Amino acid sequence: MLSLSAGCTESNTNQATTPEQSPPAQETASTPSPQSGKTKVVTTFLPMYMFTKAVTGNAADVEILVPPGTEVHEYQSTPNNVKAIATANVLVKNGLGLEEFLDNTIKNAQNPKLSVINASTGIQPLNEISPVEKTGKKEQEHDHEHAEGNPHVWLDPVLAKQQVANIRDGLIAADPANKVSYEANAAAYIKQLDSLNSEFQQTLQKNPNCTFITFHDAFPYLAKRYNLKQVAVVEIPEDQLAPADVKNAVNAVKKYKVKALFSEPGVDNKLLSSLSKDLNLTLRSLDSLETGNTDPQHYFKAMRDNLQTLETACK
C-alpha cells in the first residue's frame with residue numbers, strides 16, 4: 001500500500017470548498033465576540049481546534065490560527081495571529097515541534113497572562129521508524145520537521161484521547177468556573193474516541209501486518225496502534241521534477257511491492273497521477289485531518305473514512 005500524505009509538505013489553500021467544509025462555521029469559529037465575556041481560546045490548526053471545541057462547547061470562544069488546508073510546518077504568522085494571541089486567555093498547540101511559527105508569534109503578542117496548553121504532554125513520541133527512500137535532491141529542507149519526534153499523534157484515537165484530556169485539564173486550570181462543562185464535554189468526546197478505537201481494532205485485526213509506504217511520515221502512530229507496517233517513506237520533490245525523480249519513485253514503490261496508492265483530500269499531485277498509471281495502482285484517499293470541516297464530529301467521519309480505505313487496501 002502506498003500512501004501519499006502531503007498535508008504537512010504541501011499547501012492546499014486554493015482547494016475547492018465542498019459543502020462538508022462549511023466556511024460559515026469556520027468564520028464563526030475564528031471570530032468570537034469580544035463582548036461575550038467568555039474565555040477566549042486560540043488553537044493552532046484543525047485537529048487542535050476540533051478537540052478544543054469539543055471540550056469547551058459553548059462555554060468558551062475558540063479561534064483557529066492556521067486555516068484548514070494550509071501547510072503547518074512552514075506557516076508564517078500574520079498580524080491577525082499576533083492580535084489573536086495578544087487578546088487570548090488560552091493557547092492550545094499540538095506540540096512536538098509541529099508549530100514552528102508559534103514561539104516568535106507568542107513573543108510578538110506580548111501577553112503575559114496567556115496560558116499555553118501543550119496537547120501532547122505525556123505522550124511518548126515516535127522517531128523515524130522506517131527507512132527513507134530519497135528520489136530527488138530537494139528533501140533536505142524538510143529534515144528538521146520531526147526533530148522532537150513525529151508530531152502526528154492525533155491520528156491515533158487512543159493518543160487523541162490523551163490530547164483531549166490534556167486540553168480539558170488545561171482549560172479547567174485557566175477557567176475553573178466552567179470545570180463541570182469541560183469535564184462533561186471531554187468525557188462524551190473521549191467515549192466516542194473509545195468507540196472509534198474499538199472499530200479500528202476489530203476491523204484491522206482481520207488483516208494483520210498490512211504493509212504500506214508513505215510519501216510523508218504522517219501515520220506511524222496509527223500503524224503502531226493497529227499492527228500495520230510502514231516499511232519506508234518515499235520522499236519526492238514538490239516541484240521541478242526530473243525524469244530521474246519519477247523513475248526513482250517508481251523503483252522505490254516496486255522495491256516494496258506496493259499494492260495501493262493513497263492521496264489526500266485536496267491534494268493535486270501530477271507525479272502521483274503519473275505513478276498510479278505507471279504502476280497500474282488504484283488511487284485512494286487517506287486523510288491526515290489537516291483540512292476539512294471545523295465541526296468536532298468531522299474527526300470521526302474522516303477517521304472512519306480512513307478505516308474503510310485501510311480495510312479495502314489491506315485485503
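I began with the secondary structure of the protein chain, which comes to 10 helices and 10 strands, where helices (H or I, at least four residues) and strands (E, at least two) are DSSP runs numbered from the N terminus. I noted that this is a predicted model, in which local features need pLDDT of at least 70 and side-chain atom pairs count only at pLDDT 80 or more, while totals for chains, interfaces and linings use all residues. Residues are numbered from 1 along each chain as its sequence is written, and side-chain values use heavy atoms, with hydrogens and water left out.

**Chain totals**

I looked up burial next and found that 54% of the 315 residues in the protein chain are buried, buried meaning under 20% relative accessible area, exposed over 50%, and partly exposed in between (1.4 Å probe, protein chains only). The accessible surface comes to about 14400 Å², with 47% of it belonging to carbon and sulfur atoms; such areas come from the Shrake-Rupley method with a 1.4 Å probe, and for residues only the protein chains shown count as cover. Of the contacts with a separation of 6 or more, 73% are between residues 24 or more positions apart, a contact being heavy atoms within 4.5 Å.

I then turned to helix α2 (residues 46-56), where 10 of the 11 residues are buried, so the helix is largely enclosed by the rest of the structure. After α2 comes Gly 57, whose phi is positive, near 55°.

I checked two residues other than glycine. Leu 96, in the loop between β4 (90-93) and α4 (102-109), has a positive phi near 60°, and at 11% relative accessibility Leu 96 counts as buried. Gln 110, in the loop between α4 and β5 (115-118), has a positive phi of about 50°, but at 68% relative accessibility Gln 110 counts as exposed.

**The disulfide**

I searched the whole structure for disulfides, meaning pairs of cysteine sulfur atoms within 2.5 Å, and the search finds one. The disulfide joins Cys 210 to Cys 314, with an S to S distance of 2.1 Å. The pair links distant parts of the chain, 104 residues apart, with Cys 210 in the loop between α6 (179-204) and β7 (211-214) and Cys 314 in helix α10 (residues 298-314). The link is left-handed, with -90° about the S-S bond, and both cysteines are buried.

**Helices α5 and α6**

Finally I looked at helix α5 (residues 157-174) and α6, whose axes come within 9 Å and cross at roughly 180°; axes are lines fitted to C-alpha atoms, for helices over the stretch in contact, and angles run from 0 to 180 degrees between N-to-C directions. The two helices are therefore roughly antiparallel to each other, a label for angles over 145 degrees. Their contact includes Val 164 and Leu 171 of α5, with Tyr 182 and Leu 193 of α6 among the residues on the other helix. By class, I recorded 12 nonpolar, one polar and five charged residues in this contact, where Ala, Val, Leu, Ile, Met, Phe, Trp, Tyr, Cys and Pro count as nonpolar, Asp, Glu, Lys and Arg as charged, and the others, Gly among them, as polar.

Methods
Parallel < 35°, antiparallel > 145°, perpendicular 65-115°, else oblique.
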